[in-house]
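This note is meant for a colleague who is opening the structure for the first time. Please keep the sequence and the model in view while reading.

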Amino acid sequence: MTADRVLIETDFGPMVALWTDAGLASLSFSAAGAKSSRPARAPSTGREKAMARQLQRFMKTGRWDFGVPLDLSAGTDFDRKVWRAMLRIPPGSVRTYGEIARAIGRPRSSRAVGNACGRNPVPVVIPCHRVVAAGGPGGFGLGLKMKRRLLELEGVRV
């Protein structure tokens with residue numbers, strides 16, 4: 001399976017999107033996305049340009065409107081259930097790890113939900129920033145400062 005690395009400039013900094021034939025497989029800030037020896041290129045296809053516009057708009061305005069195909073083949077069945085549940089969290093809302101665990105029929109799996117959030121390959125698009133701990137913001141692979149910034153874009157304070 002081929003994968004294309006695409007550089008997307010945002011108000012939060014440059015991001016690298018990894019595309020496969022199936023869809024968007026990874027999204028990271030350039031420091032994390034720079035692990036490959038292949039340089040990232042500018043968006044050139046329709047889906048890449050659409051993703052860049054959607055991501056840039058969200059990072060400027062908080063307007064949530066992502067409609068690109070996702071390649072979630074890297075996750076386990078459990079991961080994909082958690083990721084699909086996160087996609088159902090409305091913009092401007094949060095859910096706890098426990099609420100997600102109950103939503104996927106695994107009420108005792110809060111910690112595993114947190115681990116699946118940490119493995120989310122496309123943060124922001126799959127809004128793991130909307131998942132919080134029962135007593136506070138919880139963790140976030142991109143750092144709590146970034147989690148708070150993303151939530152503030154959506155009008156949520158934690």
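1. Basis of the note. The model is predicted, so that local features need pLDDT of at least 70 and side-chain atom pairs count only at pLDDT 80 or more, while totals for chains, interfaces and linings use all residues. Residues are numbered from 1 along each chain as its sequence is written, and side-chain values use heavy atoms, with hydrogens and water left out.

2. Confidence. The average pLDDT (the predictor's confidence in each residue, from 0 to 100) of the chain is 90, and 94% of the residues score at least 70. Helix 4 (residues 97-103) has the highest mean, 98, whereas helix 1 (residues 30-33) has the lowest, 56. Where pLDDT is low, predicted coordinates should not be read in detail.

3. Helices (H or I, at least four residues) and strands (E, at least two) are DSSP runs, numbered from the N terminus; two strands pair if DSSP finds at least two bridges between them. Strand 2 (residues 15-20) runs antiparallel to strand 1 (residues 3-8), with six bridges, and antiparallel to strand 3 (residues 24-29), with five. Ala17 of strand 2 is the bridge partner of Val6 and stands opposite Leu27 in strand 3. Five of the six residues of strand 2 are buried (under 20% relative accessible area; exposed is over 50%, partly exposed in between; 1.4 Å probe, protein chains only).

4. Turns. Six residues separate strands 1 and 2 in their hairpin, where Gly13 has a positive phi of about 120°. In the hairpin of strands 2 and 3, three residues lie between the strands, and Gly23 in the turn has a positive phi of about 150°.

5. Aromatic cluster. Which residues do ring pairs link into a cluster? They are Phe58, Trp64 and Phe66. Rings of Phe, Tyr and Trp (its six-membered ring) pair if their centres lie within 6.5 Å; planes under 30 degrees apart count as stacked, over 60 as edge-to-face and the rest as tilted. Phe58 and Trp64 are edge-to-face, 5.1 Å centre to centre with 90° between the planes. Trp64 and Phe66 are also edge-to-face, at 4.6 Å and 75°. Phe58 is buried, at 0% relative accessible area; Trp64 is partly exposed at 21%.

6. Largest pocket. Helix 5 (110-118) and strand 3 each give two or more residues to the lining of the largest pocket, and helix 5 gives the most, with three.
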